[in-house]
Amino acid sequence: MGSLSIGLPPSSARILQGDHCTTLRDFYGHLAELVEYPDDFGFTLEEVDDLLSDLSWLPERSIHIHISNSEYWLQKERNQQKIFTILDLLEAIAEDWKWTDESDEDAKILQISFSDSPRIRELFELAGIHGES
């Protein structure tokens, strides 16, 4: 499975509602809540990287984050380059988790998916991401 995908989530997925994340600040805040981030969150790209690159506070080994209503996700973000930057970051973080040492007790399996929509397919294509369906 690719690092980012388009399709239906498993029943165990943590659902992030894209229609509640129409700006980057909304997305950052809802993401921190979704994964129960235990520290103060700084609402920056670097904080998202730190947040998703650790996940040691979560008890489950396999974590699936699904962004529903993807047609609205970051819809109000004026700078499209920022959307591509966050997509690239999400893909890189999910890919990095694939290469963790399985004997490491804190190792996680992170999958990130989006609900299918013409908009998310276009964003993936423009960002050069080949998310699997």
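**Strands and helices in a predicted model**

User: Which element of the chain has the lowest mean pLDDT, and which has the highest?
Analyst: This is a predicted model, and the chain averages a pLDDT of 87, with 91% of the residues scoring at least 70. Among the elements of the chain, the lowest mean pLDDT, 86, belongs to helix 2, and the highest, 96, belongs to strand 2 (residues 14-17).

User: In what order do the 4 strands form the open sheet?
Analyst: The edge strands, each of which pairs on one side only, are strand 1 (4-6) and strand 2. Strand 1 is joined to strand 4 by 3 bridges, strand 4 is joined to strand 3 by 6 bridges, and strand 3 (residues 62-68) pairs with strand 2 over 4 bridges. The pairing is parallel, and the order of the open sheet is 1-4-3-2.

User: Which residue in strand 4 is the bridge partner of His-66?
Analyst: Strand 3 and strand 4 run parallel and are joined by 6 bridges. A residue of strand 4 that stands opposite Ser-5 is Ser-113. The bridge partner of His-66 in strand 4 is likewise Ser-113.

User: Which residue in strand 3 is the bridge partner of Arg-14?
Analyst: Strand 2 pairs with strand 3 in the parallel sense, over 4 bridges. Within strand 3, the partner that Arg-14 has in such a bridge is Ile-65.

User: At about what angle does helix 3 run to strand 4?
Analyst: Helix 3 (residues 80-98) lies across strand 1 and strand 4 (109-114). Its direction relative to strand 4 is given by an angle of about 150°.

User: Are helix 1 and helix 2 roughly parallel or roughly antiparallel to each other?
Analyst: The axes of helix 1 (residues 24-34) and helix 2 (residues 45-52) come within 11 Å and cross at roughly 20°, and this crossing is left-handed. Since angles under 35 degrees count as roughly parallel, helix 1 and helix 2 are therefore roughly parallel.

User: How many nonpolar residues does the contact of helix 1 with helix 2 have?
Analyst: From helix 1, Tyr-28, Leu-31 and Ala-32 meet Leu-45, Val-48, Leu-51 and Leu-52 in helix 2. By class, this contact of helix 1 with helix 2 has no polar and no charged residues, and the number of nonpolar ones is 7.

User: Is the crossing of helix 2 and helix 3 left-handed or right-handed?
Analyst: The axes of helix 2 and helix 3 come within 10 Å and cross at roughly 20°, and these two helices are therefore roughly parallel to each other. In the contact, Leu-45, Val-48, Asp-49 and Leu-52 of helix 2 meet residues of helix 3 that include Leu-89 and Trp-97, and the contact divides into 8 nonpolar, 1 polar and 1 charged. The crossing of helix 2 and helix 3 is right-handed.

User: How many charged residues are in the contact of helix 3 with helix 4?
Analyst: The axes of helix 3 and helix 4 (residues 118-127) come within 10 Å and cross at roughly 80°, which makes helix 3 roughly perpendicular to helix 4. Gln-80, Ile-83, Phe-84, Leu-87 and Asp-88 in helix 3 meet Arg-119, Leu-123, Phe-124, Leu-126 and Ala-127 in helix 4. Besides 7 nonpolar residues and 1 polar residue, the number of charged residues in the contact of helix 3 with helix 4 is 2.

Note on methods
Residues are numbered from 1 along each chain as its sequence is written. This is a predicted model: local features need pLDDT of at least 70, side-chain atom pairs count only at pLDDT 80 or more; totals for chains, interfaces and linings use all residues. Side-chain values use heavy atoms; hydrogens and water are left out. Axes are lines fitted to C-alpha atoms, for helices over the stretch in contact, and angles run from 0 to 180 degrees between N-to-C directions. Angles under 35 degrees count as roughly parallel, over 145 as roughly antiparallel, 65 to 115 as roughly perpendicular and the rest as oblique. A crossing is left-handed if the near helix is turned anticlockwise from the far one by less than a right angle, and right-handed if clockwise. Contact means heavy atoms within 4.5 Å. Ala, Val, Leu, Ile, Met, Phe, Trp, Tyr, Cys and Pro count as nonpolar, Asp, Glu, Lys and Arg as charged, and the others, Gly among them, as polar. pLDDT is the predictor's confidence in each residue, from 0 to 100. Two strands pair if DSSP finds at least two bridges between them.
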